[in-house]
Amino acid sequence: MTSEVSRRLTPPEHYRFGASVRPLLVPKHDPCGMLRDGDFWLAARTPDGPATLHLARAGGELTATGHGPGSQWIVDRADAIAGLRDDLSAFPALAARHPLVARLAKTFSGVRLPATNLLFPRLLRAILEQKVTGKEAHRSYRAICRHFGEPAPGPVDLVLPPDPAAVAATPYWTFHPFGVEQRRTQALLRAARVADRLERCVDAAEATARMTALPGIGPWTAAETVRYAFGDPDAVSVGDFHIPNTVAWALAGEVRGTDARMLELLEPFRGHRGRVCELFALGGLGAPKFGPRMPVRSFARF
């Protein structure tokens, strides 16, 4: 029998449910979760066993329901997953330091930063997104989830995120047909072998230090992971292809920027630097583009 646990959550005024939880899912189709008609579902491997979280909004409340052996664990953290533990109390004063940031902070004040407290699934996605287009990475993610897929508990057709032990025991050439070359695969296998230690990290700083000590995992991958595993609003994706240009354009009117310039411009917002970058993304801001787009490749055909 599948155990089921529920609790009710009261979001703050103007809370935007879909925009807050959507970053937890791969765009278009995520085998491990879905957001449809105001219902959010997320499959997870918790310390207590497999679970599926269902968040449903009705009026001014959210109902969180957990299915499976890990239902209590995931329901206890449902408010964090919905972004309701996100602390914005210090942000308005920081946002006021730049008129564009202040305007975006007001426009998107209902968007909260979620925190899953589950590191490996996000690290898997971040490693796959290294140095490739989003389409390539998401296609690989779906293929890997289907390959390692185990049915998630609950009434919806989802699979659990890949088991790190199963990933670690898989030879690297198995990932080639999924569109993942040897460099990223080796980083993924290293992370999978120490996933238990990574999951025991108590905060974003400890997790970042442990992850970046692994070959093939740098500041960009760590920031992309802790932003949503721990809800870290200060995580800046240093080494990103687009974000330095976006920050330079938005904050200084400069069409191109380096990582150093990006960090310099974001320094007045320390503590919420990653949140500022997220606001630019929510607002659809981007620096002027020159030249052709990066092509979508298929490593599986090489």
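**Chatting through the model**

Biologist: Which residues does His 138 touch, leaving out those up to four places away in sequence?
Modeller: His 138 touches Val 26, Pro 27, Arg 125 and Glu 129. Bear in mind that this is a predicted model.

Biologist: Where is His 138 found, and is His 138 buried or exposed?
Modeller: You'll find His 138 in helix 7, which covers residues 134–147. His 138 has 14% relative accessibility, and buried means under 20%, so His 138 counts as buried.

Biologist: What holds paired strands together in general?
Modeller: Backbone hydrogen bonds, in either a parallel or an antiparallel arrangement.

Biologist: OK, strand 4 then. How many of the ten residues of strand 4 are buried?
Modeller: Seven of them, so strand 4 is mostly covered.

Biologist: How many bridges link strand 3 and strand 4?
Modeller: Eight bridges, in the antiparallel sense, with strand 3 spanning residues 39–46. A hairpin of two residues joins strand 3 to strand 4.

Biologist: What's in the turn between strand 4 and strand 5?
Modeller: That hairpin has two residues between the strands, and Gly 59 in the turn has a positive phi of about 65°.

Biologist: What about Gly 49, where does Gly 49 sit?
Modeller: Gly 49 is in strand 4, which covers residues 49–58. Gly 49 is buried, with a relative accessible area of 17%.

Biologist: Which residues does Gly 49 touch, beyond those up to four places away in sequence?
Modeller: Ala 44, Pro 69 and Gly 70. As for Trp 73, Gly 49 is 24 residues from Trp 73 in sequence and 9.0 Å away in space, C-alpha to C-alpha.

Biologist: Helices next. At what angle do helix 6 and helix 9 cross?
Modeller: Roughly 165°, with the axes of helix 6 and helix 9 (residues 182–193) coming within 9 Å. Over 145° counts as roughly antiparallel, so that is how helix 6 lies to helix 9. The crossing of helix 6 and helix 9 is right-handed.

Biologist: Which residues make the contact?
Modeller: From helix 6, Phe 120, Leu 123, Leu 124, Ile 127 and Leu 128; from helix 9, Arg 184, Ala 187, Leu 188, Ala 191 and Ala 192. By class, that contact of helix 6 with helix 9 has nine nonpolar, no polar and one charged residues.

Biologist: Last one: how many residues of helix 12 are buried?
Modeller: Ten of the eleven in helix 12 (residues 219–229), so helix 12 is largely enclosed by the rest of the structure. The buried residues include Trp 220, Glu 224, Arg 227 and Tyr 228.

Biologist: What covers the buried residues of helix 12?
Modeller: The cover includes helix 6 (120–128), helix 11 (204–212) and helix 15 (273–282). Just after helix 12, Gly 231 takes a positive phi of about 65°.

Note on methods: Residues numbered from 1 in each chain as written. Predicted model: local features only at pLDDT ≥ 70, side-chain atom pairs only at ≥ 80, totals over all residues. Heavy atoms only, no water. Buried < 20%, exposed > 50% of the residue type's maximum accessible area, 1.4 Å probe, protein only. Helix = DSSP H or I, 4+ residues; strand = E, 2+ residues; numbered from the N terminus. Contact = heavy atoms within 4.5 Å. Axes fitted to C-alpha atoms, helices over the stretch in contact; angles between N-to-C directions. Parallel < 35°, antiparallel > 145°, perpendicular 65-115°, else oblique. Left-handed = near helix turned anticlockwise from the far one by under 90°. Nonpolar A, V, L, I, M, F, W, Y, C, P; charged D, E, K, R; others polar. Pairing = 2+ DSSP bridges.
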